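Hi,

Here is the structure I said I would pass on.

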Amino acid sequence: MENLLIVNADDFGLSKGQNYGIVEACRNGVVTSTTALINGEAVEHAAQLSRDLPDLGVGMHFVLTLGMPLSTMPGLTRDGQLGKWIWELAEQGALPLDQIPRELDCQFNRFVDLFGREPTHIDSHHHVHMIPAIFPIVAEFAQRKGVPMRIDREVHGLPSFSVLSTEGFSSAFYGEEISEGLFLQTLDESAARGEKSVEIMAHPAFVDNIVRKSAYCWPRLAELDVLTSASLKYAIAERGYCLGTFRDL
């Protein structure tokens with residue numbers, strides 16, 4: 001029996017360049033899944049493109065660190081904007097935990113409105129759902145909705161939840177040294193741990209003016225080259241992996 005590999009492209013909806021990169025990596029590469037930034041500048045464009053890609057699994061990229069929230073979040077915004085100060089608040093024990101469930105619900109409902117269906121799974125921008133105080137909120141929500149969720153089991157001290165997820169998750173295909181070798185090393189390490197299902201996170205994109213403002217810019221273009229390589233698709237199959245989505249769990 002083949003193992004399941006989900007190659008998930010984060011940040012669908014960030015910009016048109018990001019969207020087109022993900023679509024290219026799906027049509028001509030190994031990307032099988034993506035997650036949408038519901039408050040992203042190009043999320044309507046992403047939803048439109050996804051209608052021509054029925055095999056692309058589209059999940060929800062819960063956002064608490066970028067742009068404007070969909071609900072009132074005075075405890076987490078500055079000048080109406082979300083930002084990376086969330087970790088500082090977490091360290092201080094000052095997270096507005098009572099405001100997060102409503103925002104999660106608003107983003108989920110907008111996803112359904114835009115994409116016409118529920119997300120295939122839930123993860124988050126900058127992995128904020130793995131913050132220990134936030135994890136139970138998102139896990140309970142995913143459990144209640146019957147939606148799978150990305151879980152990074154390298155994060156210790158999290159409560160146990162019976163929420164559907166892959167056995168393995170890796171964010172190692174990231175950084176300045178993107179290569180096919182790095183991708184396959186990540187996959188081989190998962191196989192060595194005996195994981196029968198694994199998600200590898202990716203960020204393929206064409207660079208546009210919005211992507212250029214990201215601290216992680218040019219490697220996205222390098223990722224796109226690797227993820228659309230014919231030799232990578234062959235090497236994945238040779239290792240006994242079947243490409244799929246969270247629908248296949």
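Below are my notes on the pockets and the aromatic pairs.

Bear in mind that this is a predicted model, where local features need pLDDT of at least 70 and side-chain atom pairs count only at pLDDT 80 or more, while totals for chains, interfaces and linings use all residues. Residues are numbered from 1 along each chain as its sequence is written, and side-chain values use heavy atoms, with hydrogens and water left out.

Pockets to start with. A pocket here is an open set of points on a 1 Å grid over the protein atoms alone where a 1.4 Å probe fits, with protein on both sides within 12 Å along at least five of seven lines; lining residues have an atom within 4 Å of a point. Volume is the space filled by probe spheres set on the points, which are joined across faces, edges and corners.

The largest pocket comes out at about 660 Å³. It has 25 lining residues, and Leu66, His125, His126, Ser214 and Arg220 are the closest to its centre. Sorted by class, that lining holds seven nonpolar, twelve polar and six charged residues (nonpolar is Ala, Val, Leu, Ile, Met, Phe, Trp, Tyr, Cys and Pro; charged is Asp, Glu, Lys and Arg; the others, Gly among them, are polar).

The second largest pocket has a volume of about 200 Å³. Its lining is made of 13 residues, with Asp152, Glu154, Phe169, Ser170 and Arg193 nearest the centre. Strand S5 (168-170) and helix H6 (180-192) each give at least two lining residues, and S5 has the largest share, with three. Helices (H or I, at least four residues) and strands (E, at least two) are DSSP runs, numbered from the N terminus.

On to the rings. There are five aromatic pairs in the whole structure, counting Phe, Tyr and Trp (its six-membered ring) with centres within 6.5 Å; planes under 30 degrees apart are stacked, over 60 edge-to-face, the rest tilted. One of them is Phe111 with Phe115, stacked at 4.5 Å centre to centre and 20 degrees between the planes. Both sit in helix H4 (residues 100-115), four residues apart, about one turn, and both are buried (under 20% relative accessible area with a 1.4 Å probe, protein chains only; exposed is over 50%, partly exposed in between).

Phe135 and Phe161 also pair: their centres are 6.2 Å apart and their planes at 75 degrees, so this one is edge-to-face. Phe135 is in helix H5 (residues 135-145) and Phe161 in the loop between H5 and S5, so the pair ties together parts 26 residues apart in sequence. Phe135 is buried at 2% relative accessibility, whereas Phe161, at 26%, is partly exposed.

Cheers
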